[in-house]
Structures are given as structure tokens and as C-alpha cells.
Amino acid sequence: MKIVADPIDRLLLDDWQRDFPIISQPFVELAQTLDITEADVLARLERMRKSGRITRVGATCAPNTVSASTLAAVAAPPERVEEVAAIIGQEPGVNHSYEREDRWNLWFVATGPDRDHVNATLARIETRTGLRVLDLQLVRPFNVDLGFKLIGGDGLKGAPPRARPVDCSALKAGDQDILQALTKGMALVSRPYGELAQALGQSEAGILDRVQCLTDAGIISRLGVIVRHRALGWRANAMVVWDIPHDQITTAGPKLAAQQGVTLCYERTPVDGVWPYRLYSMFHARSQGEALENLKNAAQIPELAGVRHQALFSTRCFKQTGAMITAPKESAA
């Protein structure tokens, strides 16, 4: 079954999940590659946004560069899952929240302008739920560029680039506001950078220059169409965690990141006596069987042979938005 039946829609999604043009009228370039009009491109993207196939056209940023973030989990009693998920989702800094098949069943990403903001978010969730929150901080990424291929392939959008060095010295005053706007999503208009410039009181040329500089510096890790993978057919989502020592992750991490079906791969801190896992990998596939087959193959690479691991399949997505980079204006004091 074709989840996206229209061939032009498939090309639009397939070709523009990254490397979005940083020019005054970017949608004109998309239109030219598809041999349609700019107005048609904008209408198609708006339709797919409203239908839930894409979340936005915008950016993702390299983790813990311009803002702070952490992966966290709670073990909610079965009868409290929806209540606790709602409490977690009410936090504006939480940008992803999933239910997964494990005793630690609610997983979420907490983001904010700095680590103190993230800590405060986790503390509020602990207080309001009465549940312990696991704080699983990022140590090093191996692949953090998520994309999905609709035309042929195994679900990955080409070969995802490995994490590259980030030059934080490229940041200038005002860049956080630009990045926050891009992570929320650009306006689907002819001159989106110009509209952003007007909102921030800057020139379009200045915005284009800063977006290019931030992209070149690796601070913007991906700029393009951000899709909802479930709506496009990639319904099996397993977070696979591996109990492997830090030193061995140096060689195992890059090899795991290159395996078929792996869309994200990184090392995180364990929690002594509670959660021993350090190496994390995300497997996305059309079905659970396909994901498990990819996991079986990955587990056979020499560095992971015999390593204890768990596959935590997601059962529900409660929240999926862009990261918080700047604190909401109304909360500033």
C-alpha cells in the first residue's frame, strides 16, 4: 500500500528532508525540481501539515549546543499512564513523549535554554507525578540525523550523515531567536526567511547569512521537511539499549549507527543500580518483524555479539514538537 499515493508528494517529501535551500524564495527551487508551480508546492506542504504527515518545514539543531536537553523516563503504573503522560506533556520544554514497552514506560525529551531549565522541568515532573525520573544525559552522538525514504530503500533517507564537529564559536547574539523560530517551523509562504526577518526586526539578507553560517558550523544539523514517520508508514519504532562499557562504545557506536534500519545512535549516562544501559539506538521499520530482523543483524556485528540489550517498542506518541531553545517571553523575569 502506498501511504503517500501522489507521486509529486512523494518526491517532495523524499528529496527535501534535508538541504533545504537557504535563498530568498526557496520554494521556487523545490517547484523547479518537480516541474510544478511554487503555489502548488506551498499548497501541498500546507495540506500535508494539516493532515499530520509533516510537522513543519524547519530545522533540527545539534544536541546540547545552543540549548540543553536530556532523555528521561518514568515508570508509571498502568492505571496512571495517561494522567502522567498529560503532566509530562504540559511542560513546554518537553518536545517528544512516547509510551514504550517496559516497566519504565513513559519516555520523553526535556529541552530548554540551559541545563538549569531542564533540571527544573524534571523536578516539576517528579513533584507533580510523585514518580522518580531517570535523567539519561547525552555523552556523545554517532548518528542524530533522522530521515525517511519513501521511494525504494529500507526506510532511511539515503545514508544518514554521521555526527560532525560543531563550531559553537559561530554563534552570535540573536541567533537563538532565529534557531527557535526555525525549530518551530517556517511560515509556508513565498519568502519564509523574509517573514522571519520581519518578525525579528532584521533584514532578510541578514537572516539568510546567519542561517547559512549556522548550517555551515553544524549548529543546524538538518534543515528541511520534518515528517511524521508513523503517518508515512514507518510504524515500528524501537529504542534498543545496550549494556556495554564506555570504552567499547568508541568502536561499537559508529558500527551500530551504520546498520540498516538504525536512525539514531548515541551514548548516554547510566543510572547506577537502576538503568545500566549506555548505548542507545533507534530502529524504525514498516513492521515490528522488519525492525526485529534489522536488530538481529545488528546484534551480530562483532562489537555487539553477546551484549545484553533490550528493545523497547513505542506503543503511543503523546507529543512531538520542536525543541525549546529560548525561554517563553512570558516566563522571563
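## The open sheet

Two strands are said to pair if DSSP finds at least two bridges between them. In this predicted model, strand S2 (residues 68-74) and strand S5 meet that condition, since they pair in the antiparallel sense over 3 bridges.

S2 and S5 belong to an open sheet of 9 strands, with antiparallel pairing. Read across the sheet, the order is S5-S2-S4-S3-S11-S8-S10-S9-S6. Strand S5 (134-136) and strand S6 (138-143) are the edge strands, each pairing on one side only. From one strand to the next, the twist averages 30°.

## A helix across the sheet

Which strands does helix H10 lie across? Helix H10 (residues 288-298) lies across strand S8 (236-242), strand S10 (279-285) and strand S11 (309-320). Relative to S10, H10 runs at about 140°.

## Helices H2 and H3

Two packed helices are described by the angle between their axes and the distance between the axes. For helix H2 (residues 26-34) and helix H3 (residues 38-51), the angle is about 100° and the axes are 8 Å apart. Because angles of 65 to 115 degrees count as roughly perpendicular, H2 is roughly perpendicular to H3.

On the H2 side, the contact is made by Phe 27, Val 28, Leu 30, Ala 31 and Leu 34, while H3 contributes Glu 38, Val 41, Leu 42 and Leu 45. By class, the residues of this contact of H2 with H3 comprise 8 nonpolar, no polar and 1 charged.

## Helices H7 and H8

Helix H7 (residues 192-200) packs with helix H8 (residues 204-216) at an angle of about 105°, and their axes lie 8 Å apart. This angle makes H7 roughly perpendicular to H8.

The contact involves Tyr 193, Gly 194, Leu 196, Ala 197 and Leu 200 of H7, together with Glu 204, Ile 207, Leu 208 and Val 211 of H8. The contact of H7 with H8 has 7 nonpolar, 1 polar and 1 charged residues.

## Aromatic rings

How many aromatic pairs does a search of the whole structure find? The search finds 4 aromatic pairs. Ring pairs also link Trp 107, Trp 275 and Tyr 277 into a cluster.

Arginine residues lie over the faces of two tyrosine rings. Arg 100 is placed over the face of Tyr 98, at 5.3 Å from the ring centre. Arg 268 lies over the face of Tyr 266, at 4.5 Å from the ring centre.

Key: Residues numbered from 1 in each chain as written. Predicted model: local features only at pLDDT ≥ 70, side-chain atom pairs only at ≥ 80, totals over all residues. Heavy atoms only, no water. Axes fitted to C-alpha atoms, helices over the stretch in contact; angles between N-to-C directions. Helix = DSSP H or I, 4+ residues; strand = E, 2+ residues; numbered from the N terminus. Parallel < 35°, antiparallel > 145°, perpendicular 65-115°, else oblique. Contact = heavy atoms within 4.5 Å. Nonpolar A, V, L, I, M, F, W, Y, C, P; charged D, E, K, R; others polar. Phe/Tyr/Trp six-rings, centres within 6.5 Å; stacked < 30°, edge-to-face > 60°. Lys NZ or Arg CZ within 6 Å of the ring centre and 35° of its normal.
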